[in-house]
Amino acid sequence: MRRTFLRVLMIAALVAGGLGLGAGAAPAPALAAYGAVKWPATGVITGKVDDRCPGYDNHDGYDIAGNYRSVISAAYAGSVSYIGWDAGGYGNFAIITHTNGWSTLYGHLDGFVSRMRVGEYFNRGDGIGYMGYTGGVSPPGIGGTHLHFEMLRYDSPQVWNSAGTCGQSVSRGNSIPFDFAGLN
Ligand SMILES: [Zn+2]
């Protein structure tokens, strides 16, 4: 009952906002803000969703190759929901859960900042760890140093390939030019 009621309220609010209803109200803010999510690392894009610029299939995120031990930051504010080790895959990785079903995954990290733990809250742009080459990277070793970064919604990796091009340099903290609906 309660959930349904809240959902109806939310839908009503969304509809009203989207239609710009309300007596004398200023235009409603957009439901999501283009560029609200920030690049979590500085480096060069060497992989995108389903594409390693070019090549492999079944790649669920962006790869950003940068300097070993450079800072990785939270792309959006949220609480850490998972910290893991995946020897053949993600290596040291963490997942931060955001609002509206969104979460972000950061893989191949060399290590984490000292306050990293499940439940810890990070603001957008806060350092969470350091770029590395743990897990399965190609080429193996420090030459494969990069961040593997996924945008997930309800635990499913999303496709957002228009946000960047292969070989493009990106800077940590700069806006990702993409509208992730629900993140504003
Ligand atoms: Zn990757």
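Residues are numbered from 1 along each chain as its sequence is written, and side-chain values use heavy atoms, with hydrogens and water left out. Because the model is predicted, local features need pLDDT of at least 70 and side-chain atom pairs count only at pLDDT 80 or more, while totals for chains, interfaces and linings use all residues.

**Zinc site.** Select the zinc ion. His 59 (NE2), Asp 63 (OD) and His 148 (ND1) coordinate the zinc ion at 1.9 to 2.1 Å. Donors here are N, O and S atoms within 2.8 Å of the metal (3.2 Å for Na, K and Ca); water is not among the atoms, so sites may look incomplete. Along the chain the donors follow the spacing H-x3-D-x84-H. His 59 lies in the loop between S1 and S2 and His 148 in strand S10, so the pair ties together parts that are 89 residues apart in sequence. Strands are DSSP runs of E, at least two residues, numbered from the N terminus. Both His 59 and His 148 are buried (under 20% relative accessible area; exposed is over 50%, partly exposed in between; 1.4 Å probe, protein chains only).

**Lys 48.** Next, select Lys 48, in the loop between strand S1 (43–47) and strand S2 (62–65). Lys 48 is buried yet has no salt bridge (a side-chain nitrogen of Lys or Arg within 4 Å of a carboxyl oxygen of Asp or Glu). The nearest side chain of opposite charge, Asp 51, is 5.9 Å away; Lys and Arg count as positive, Asp and Glu as negative, and His and the chain ends are not counted. Leaving aside neighbours within four places in sequence, Lys 48 is in contact with residues including His 59, Tyr 62 and Asn 161 (heavy atoms within 4.5 Å).

**Strand S6.** Select residues 102–109. In strand S6, 8 of the 8 residues are buried, so the strand is largely enclosed by the rest of the structure. S6 runs antiparallel to strand S5 (residues 91–97), joined by 5 bridges, and antiparallel to strand S10 (residues 147–153), joined by 6 bridges. Strands pair if DSSP finds at least two bridges between them. Thr 97 has Ser 103 as its bridge partner, and Gly 107 has His 148.

**Backbone stops.** Select Asn 100, in the loop between S5 and S6. Its phi is positive, about 55°, although Asn 100 is not a glycine. Asn 100 is partly exposed, at 40% relative accessible area. Finish at Pro 139, in the loop between strand S9 (127–130) and S10: the peptide bond from Ser 138 to Pro 139 is cis, with omega near -5°.

Conventions. Helix = DSSP H or I, 4+ residues; strand = E, 2+ residues; numbered from the N terminus.
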